[in-house]
Amino acid sequence: METTPSLAPAAPASARPVWIGAAVVTLVLAAAASLGVDAMTQRWAADAAQRQWELERARAQTLAVAISAGLQQRLALARGVALSFTQGAEVRAVLSQRAAGVAATHPALAQRLSRLDERLDIAVRELGLGLIAVADLHGEVVAAGEPPSIPSFVGKQYSEGPLYAQARQGRSVRMFLVGETTGRRSVVFAEPVMVQDRFVGYVGVSLTLDESLLPVQASDAFVTDQHGVVVLSHDWQRLFRRLVHEPSWSPPPANGWPIYGGQPPRLWPWYPGPHPGLWWLEAPGEGVPVVEARTDIFEGLLHTHVLQPAHWFADLEQQRRRLRILGTSLAVAVLGSFVLLLGTWWQGRRHRQALEALNRELQRIAVTDALTGIANRRSILQQLDDELRRLRRHGRPLSVLSLDLDYFKQVNDRYGHAVGDAMLQHVVRTVQQQLRATDSFGRIGGEEFLVLLPETGAEEAQKVAFKLREAVARSPLTVHEGTPLAMTVSIGGLTATEAEWDAARLLALADAALYEAKRAGRDCVRWAAPPATPTCPTAG
């Protein structure tokens with residue numbers, strides 16, 4: 001009994017693993033994309049912050065330079081006044097007399113001191129200075145010019161102060177201090193007066209550091225001294241605070257001269273900000289970071305600092321976060337779409353492969369006999385047409401053999417259809433072993449078969465026919481507990497050499513020759529055209 005193979009294609013692998021893999025790949029790529037976008041936005045923010053920092057620092061530096069220029073001019077004026085009076089004949093004469101032991105109450109000296117006081121008062125008033133004092137060999141002020149609101153400094157003794165100690169050694173002195181008498185913050189210049197290489201006294205000039213020296217709009221500007229202590233600022237809470245990020249603090253002299261009003265400066269720690277060049281003034285992460293610009297005044301005697309709040313940094317950080325969210329979202333969307341398309345393509349590819357396999361199977365079924373696996377009737381007849389066209393084109397002979405199993409119906413009736421099917425398959429295998437690769441073999445129907453022998457003449461074709469008949473006769477099928485079941489075939493053949501022959505005529509002649517073999521007793525070969533040769537086996 002013949003069986004028909006199923007036409008259903010093999011079920012494609014489940015699409016679920018594909019989509020699970022696509023989801024995993026999407027998550028991995030999304031994480032990588034998020035990291036990449038974060039790195040790019042950080043670089044963008046760092047570059048933007050650097051450009052903005054340079055712009056803001058340039059602005060602050062411009063203001064710092066302007067403030068420093070004004071202070072430099074005022075300080076240079078004060079020092080110039082000190083040097084001028086030091087070289088003045090009247091100051092040198094007065095101090096020489098004091099060094100010679102002349103009392104300040106001496107009429108002539110007293111008159112000179114009175115005139116000197118007037119000149120000093122005029123200089124203070126006209127030049128906007130804080131004080132001009134002339135001290136003698138022993139540090140006693142013998143003449144002074146001061147604003148009207150300040151008591152006279154004449155008669156005050158400063159032999160224990162740092163100005164006198166350094167001036168007595170013939171050195172120029174410049175320093176910041178808070179006056180004992182006035183309590184004012186001042187920069188003091190002291191120049192020694194030397195007569196014939198002998199110290200006879202010094203001239204001290206002070207410039208009061210008040211807020212008028214800073215522009216009104218410079219609310220975040222301040223001035224520090226050489227120790228990093230704030231000595232001038234619009235914000236009084238910053239006064240006498242030492243910047244921690246400044247050079248190391250040098251303590252006051254051992255004699256405890258009250259240069260900061262007798263109180264040690266308070267620390268003002270600054271902390272590195274979120275970007276190089278930015279500082280936190282209170283605590284890390286609190287408030288608004290600032291940009292600092294700094295310039296030196298009078299060879300490092302003072303330093304001008306201008307702080308520029310970096311409000312833009314928070315805006316940049318907010319923009320960076322937005323760009324990161326947007327960039328990550330776009331990257332995930334693009335990657336998700338790509339992976340979705342890839343998964344769809346992969347699934348479509350799997351379906352196409354399954355469809356192609358199904359088509360191949362359908363094509364095979366369409367041209368293959370289901371039981372024996374050789375060409376079916378339609379296929380073998382198509383091949384016959386192809387060979388006839390080749391015959392017409394090239395003129396080479398074509399031989400056709402029509403085979404029929406002898407007494408096959410008795411095998412089916414006696415042993416059943418299963419044995420009959422096995423017999424058909426066995427005969428087909430036996431015949432295939434005797435044929436060439438260029439030969440064609442197909443099942444016409446039932447137990448009838450057709451063999452095409454291209455480019456084979458009658459003589460060679462008859463040899464093939466005898467070989468096939470003998471091979472089948474010598475190859476019984478083993479059935480039922482090893483019992484051999486013999487089978488023979490009858491063969492009718494012919495050779496076509498003329499171009500006008502068609503398939504119907506060939507098949508008809510081959511079938512006629514087959515019927516002749518059947519009538520001759522079966523297990524015979526009959527040929528439909530000369531040459532005539534014995535076509536039945538020899539008896540015995």
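In what order do the five strands of the open sheet lie, and is the pairing parallel or antiparallel?

Modeller: Happy to! Please keep in mind that this is a predicted model. The open sheet is built from five strands, which run in the order 2-1-5-4-3 with antiparallel pairing. Strand 2 (141–145) and strand 3 (173–178) are the edge strands; each has a single partner strand, so one side of each is left without a neighbour in the sheet. From one strand to the next, the twist averages 20°.

Let's look inside the sheet. Six bridges join strand 1 (residues 131–136) to strand 5 (residues 198–208), in the antiparallel sense. Within this pairing, Val134 of the sheet has Val203 in strand 5 standing opposite. Helix 3 (residues 107–127) packs on the sheet, where it touches strand 1 and strand 2. The direction of helix 3 makes about 35° with that of strand 2.

From the sheet we can move on to a pair of helices. Helix 7 (residues 408–415) packs with helix 8 (residues 417–434) at an angle of about 140°, and their axes are 6 Å apart. Angles over 145 degrees would count as roughly antiparallel, and helix 7 and helix 8 are therefore oblique to each other. On the helix 7 side, the contact is made by Phe408, Val411, Asn412 and Tyr415, while helix 8 brings His417, Val419, Gly420, Met423 and Leu424. By type, the residues of this contact divide into six nonpolar, three polar and no charged.

The C-alpha atom of Ala422 is separated by 116 Å from that of Leu302, 120 residues apart along the chain.

One last stop is helix 1 (residues 16–87), where Ala69 lies. Ala69 has a relative accessibility of 45% and counts as partly exposed. Between Ala69 and Ala503 there are 118 Å in space, C-alpha to C-alpha, and the two are 434 residues apart in sequence.

Methods:
Residues numbered from 1 in each chain as written. Predicted model: local features only at pLDDT ≥ 70, side-chain atom pairs only at ≥ 80, totals over all residues. Heavy atoms only, no water. Pairing = 2+ DSSP bridges. Helix = DSSP H or I, 4+ residues; strand = E, 2+ residues; numbered from the N terminus. Axes fitted to C-alpha atoms, helices over the stretch in contact; angles between N-to-C directions. Contact = heavy atoms within 4.5 Å. Parallel < 35°, antiparallel > 145°, perpendicular 65-115°, else oblique. Nonpolar A, V, L, I, M, F, W, Y, C, P; charged D, E, K, R; others polar. Buried < 20%, exposed > 50% of the residue type's maximum accessible area, 1.4 Å probe, protein only.
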